[in-house]
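The entries follow in the order of looking.

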Amino acid sequence: MDKIGIVSYGANIPRWRIKTEDIASVWGKDGKTISKGLGINEKSVPSIDQDTATISVEATRAALKRCNINPQDIGAIYIGSESHPYAVKPTGTIVGEAIGATPDLMVADYEFACKAGTAAIQSCCAFVKAGMIKYGLAVGADTSQAAPGDALEYSASAGGAAFIIGKDNVIANINHTYSFTTDTPDFWRRAQSKYPSHGGRFTGAPAYFKHVTNCATNLMQIAGTKPEDYNYAIFHQPNGKFPVSVAKKLGFTHDQIKQGLIVPYIGNTYSGASLVGLASVLDVAKPGDRIFLTSYGSGAGSDGFDISVTEKMNNLLRENAPSVFQMVEDKEYIDYGTYAKVTDLLYWE
Amino acid sequence: MGEGVARFWREIPQRYNFIGNKCGSCKRIFFPPRESCPYCRRKSMGKMKDIKLNGKGEIVTYTIIHVSSEDFEEQVPYPIAIIKLDEGPQITAQIVDCNIDDVKIGMKVESTFRKIRQDGSTGAIYYGYKFKKVIEQ
C-alpha cells in the first residue's frame with residue numbers, strides 16, 4: 001500500500017488505578033507473586049461515567065488536536081471493542097456526532113476480542129486505497145470485564161487509542177499489513193453473559209503464541225524484513241509476560257519493545273492494548289523509524305503491520321494532547337470496594 | 001422508550017459539541033442556545049446564528065455535593081461548579097478527574113466527554129460534557 005497510513009493519533013486512559021496486590025488480598029492470594037507472575041503492577045479502572053464511547057471520543061479528539069483536518073472529511077468510522085455500551089446501537093454513531101463528522105459517514109462497530117481495533121485500521125486503509133473516502137477513523141477501546149475472583153480480574157482494564165488513516169500528510173506509512181486467522185476457542189463471552197470465559201493455559205501456545213508468531217513471521221517475509229530492521233516493536237499485551245516472551249522468540253530485543261509495552265502500568269486494555277502501545281511509540285518516534293506491530297484477538301487471529309515514520313511527523317502537533325506516559329503517570333488509586341462499586345460487581349434489589 | 005430520549009436527542013449539538021448561538025443584533029453569545037435574544041427581543045428574530053464554543057473556561061464558584069439526586073448517588077461526594085466559558089456564557093457542570101480538595105475558584109477547566117446518566121439498565125445512555133482541570137503540556 002503506497003503512501004497510505006496514519007495521519008494522526010490519540011489515546012485515552014482513565015485516571016483510576018487499582019494495584020494487583022489490592023485485588024489479590026481480597027481473594028487471599030499472594031499479591032507480590034501474582035504481580036510478578038503476570039508482569040502487571042496495577043491496572044486502569046474506568047470511573048462510573050466512562051465507557052468505550054467516552055474513551056473513543058476523547059482519544060479521537062486528541063488525534064484531531066494534533067492535526068489540522070476537517071472532521072467533515074472523515075468518511076468512515078470503525079470502532080473495535082468487546083465492551084460497546086450498547087449491544088445494538090453503534091458506538092461509532094456517538095463518536096461521529098461528538099467529533100462533528102456526521103452525517104456523510106460510514107459507521108460500523110467491530111468485535112474481534114482484542115484485535116478489533118487493528119481490524120478497523122485495515123478497513124480504513126482499504127477504503128482510502130479504493131478512493132472511497134479521504135480519511136477513515138479507526139479506534140480500539142475497551143472497558144473490559146472480568147468476573148470477581150477470576151484470573152482476568154488482575155488484568156482487565158480500560159483505555160483506547162484512535163488513528164486517522166489517509167494519504168495526505170501521512171506521519172507513518174503502513175507499508176504492509178497481513179492477518180493470520182483460525183477457529184481457536186481460547187476465550188469468549190456468550191451473548192447474554194456478563195463476564196467472559198477462557199481456556200486457562202489453552203490461551204497460550206495454541207492461541208496467542210501460534211497466531212502472533214505466524215502473523216509476525218509471515219509479515220516479515222512479505223515485507224522482506226528482519227527483526228533488526230525495526231526501531232520499535234509492539235505485540236498484543238494481555239499480560240506482561242506473553243509479549244516479552246514472543247518478542248524474544250521472534251528475535252526482537254527488549255529495547256525494541258519497551259516503549260510500546262504499557263501493560264505493566266495499566267493492565268490489558270483489550271482492543272486498546274496493542275494500539276495504546278503504538279500510540280506510545282508514535283509519541284517518541286522520529287522520521288525514518290520503522291515500527292512493527294502484531295495484535296492478537298482471541299477466537300483467534302492476529303493482524304500485523306509494517307510501518308515507516310515519515311518526515312511529516314515533524315509537522316504533527318504532538319504536544320497538543322497528552323502522551324501515553326503522561327496519562328500513565330496521571331493517576332489516582334482506588335480500593336477494591338470502590339472498584340467493586342464502579343465496575344458493577346455489587347448487586348442489590 | 002424513556003421519556004427523556006427525544007429531549008436528549010434534540011440537545012445533542014449542545015451537549016456533545018458546545019453549539020450555542022449569537023445574537024445578530026447585539027452580538028451577545030448564549031449557551032445553551034436561545035430562540036431569541038432576551039435583550040433585543042423582536043430585533044433578534046431571524047438573526048440568531050449558531051456558534052461553536054471551545055469548551056474551555058474558568059470556575060466562578062463551586063460546591064461539593066454530598067446528597068445528590070438518585071442518578072448521581074454512586075458519585076458522591078463530587079464538585080459542581082459554575083463555569084464562565086471563554087466566550088462569556090456561564091454554565092453549571094460537574095468537575096471530574098481531580099481530588100475534590102483541589103477544586104478552586106479561578107481554576108482553568110476544559111470539557112471532557114462523559115456519560116451523564118442512563119434510563120436504568122435497559123434504557124438509553126445519555127452523554128455530554130463534564131469539566132476537568134486544564135493540564136499545561
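How many residues of chain A are in contact with chain B, and how many of chain B with chain A? I found 18 residues of chain A in contact with 16 residues of chain B, contact being C-beta atoms, placed from the backbone, within 7 Å.

I noted the conventions: this is a predicted model, in which local features need pLDDT of at least 70 and side-chain atom pairs count only at pLDDT 80 or more, while totals for chains, interfaces and linings use all residues. Residues are numbered from 1 along each chain as its sequence is written, and chains are lettered from A and ligands numbered from 1 in the order in which they are written.

Next I sorted the side of chain A that touches chain B. The elements giving two or more residues to it are α3 and α4 of chain A (helices are DSSP runs of H or I, at least four residues, and strands of E, at least two, numbered from the N terminus). The largest share, four residues, comes from α3(A). By class, this side has seven nonpolar, four polar and seven charged residues (Ala, Val, Leu, Ile, Met, Phe, Trp, Tyr, Cys and Pro count as nonpolar, Asp, Glu, Lys and Arg as charged, and the others, Gly among them, as polar).

I then checked the two helices against each other. The axes of α3(A), residues 52-65, and α4(A), residues 91-98, come within 9 Å and cross at roughly 40° (axes are lines fitted to C-alpha atoms, for helices over the stretch in contact, and angles run from 0 to 180 degrees between N-to-C directions). Among the residues that meet are A:Ser56 and A:Val57 of α3(A) and A:Ile94 and A:Val95 of α4(A). The residues of this contact divide into five nonpolar, four polar and no charged.

Last, I looked at chain B. An open sheet there has five strands in the order β6-β5-β4-β7-β8, with antiparallel pairing (strands pair if DSSP finds at least two bridges between them). The twist averages 35° from one strand to the next. Strands β7(B), residues 108-118, and β8(B) pair over nine bridges, and B:Gln118 stands opposite B:Ile125. I found α3(A) packed on this sheet, touching β7 and β8 of chain B, with its direction at about 155° to that of β7(B).

Technical notes:
Two residues are in contact if their C-beta atoms, placed from the backbone, lie within 7 Å.
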